[in-house]
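Please find below a colleague's note, written for a reader who is meeting this structure for the first time.

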Amino acid sequence: MDQEKRALKEEEAAHYIGMSRSYLRQSRMTGALQNRTPPPKHIKIGKRTVRYLKDDLDSWLEHWRCP
């Protein structure tokens, strides 16, 4: 059964949105800084496991779409 993932690992999420893995990590640690692109929403499972929901990534990408 080939089922599409709903939650992506950091590396998969970075590839999906076309940004670097370090961007996701740094923006997640610092949050939204002035004059920087705010990070997409993420979820944290336990102390170390971070996942990005595909729906949240799609919404984040849509937000940056030019008219």
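The numbered points below take up a helix pair, a residue within it, an aromatic pair and a lysine.

1. This is a predicted model, in which local features need pLDDT of at least 70 and side-chain atom pairs count only at pLDDT 80 or more, while totals for chains, interfaces and linings use all residues. Residues are numbered from 1 along each chain as its sequence is written, and side-chain values use heavy atoms, with hydrogens and water left out.

2. Helix α1 covers residues 10–17 and helix α2 residues 21–30, and their axes come within 8 Å and cross at roughly 110 degrees. Because angles of 65 to 115 degrees count as roughly perpendicular (under 35 is roughly parallel, over 145 roughly antiparallel, the rest oblique), α1 is roughly perpendicular to α2. Axes here are lines fitted to C-alpha atoms, for helices over the stretch in contact, with angles running from 0 to 180 degrees between N-to-C directions; helices are DSSP runs of H or I with at least four residues, and strands are runs of E with at least two, numbered from the N terminus.

3. On the α1 side the contact (heavy atoms within 4.5 Å) is made by E10, E11, A13, A14 and I17, and on the α2 side by R21, L24, R25 and R28. By class, this contact has 4 nonpolar, no polar and 5 charged residues, where Asp, Glu, Lys and Arg count as charged, Ala, Val, Leu, Ile, Met, Phe, Trp, Tyr, Cys and Pro as nonpolar, and the others, Gly among them, as polar.

4. E10 has its place in helix α1 and is buried, with a relative accessible area of 9%; buried means under 20%, exposed over 50%, and partly exposed in between, for a 1.4 Å probe and protein chains only. Leaving aside neighbours within four places in sequence, E10 is in contact with R21, L24, R25, R28, V50 and Y52.

5. How many aromatic pairs are there? The count comes to 1, under a rule that pairs rings of Phe, Tyr and Trp (its six-membered ring) if their centres lie within 6.5 Å, with planes under 30 degrees apart stacked, over 60 edge-to-face and the rest tilted. Y23 and W60 form this tilted pair, at 6.5 Å centre to centre and 40 degrees between the planes. The pair links distant parts of the chain, with Y23 in helix α2 and W60 in helix α3 (residues 54–63), 37 residues apart. Y23 is buried at 9% relative accessibility, and W60 is buried at 11%.

6. K5 lies in the segment before β1 (7–8) and counts as partly exposed at 41% relative accessibility. Leaving aside neighbours within four places in sequence, K5 is in contact with E12 and K54.
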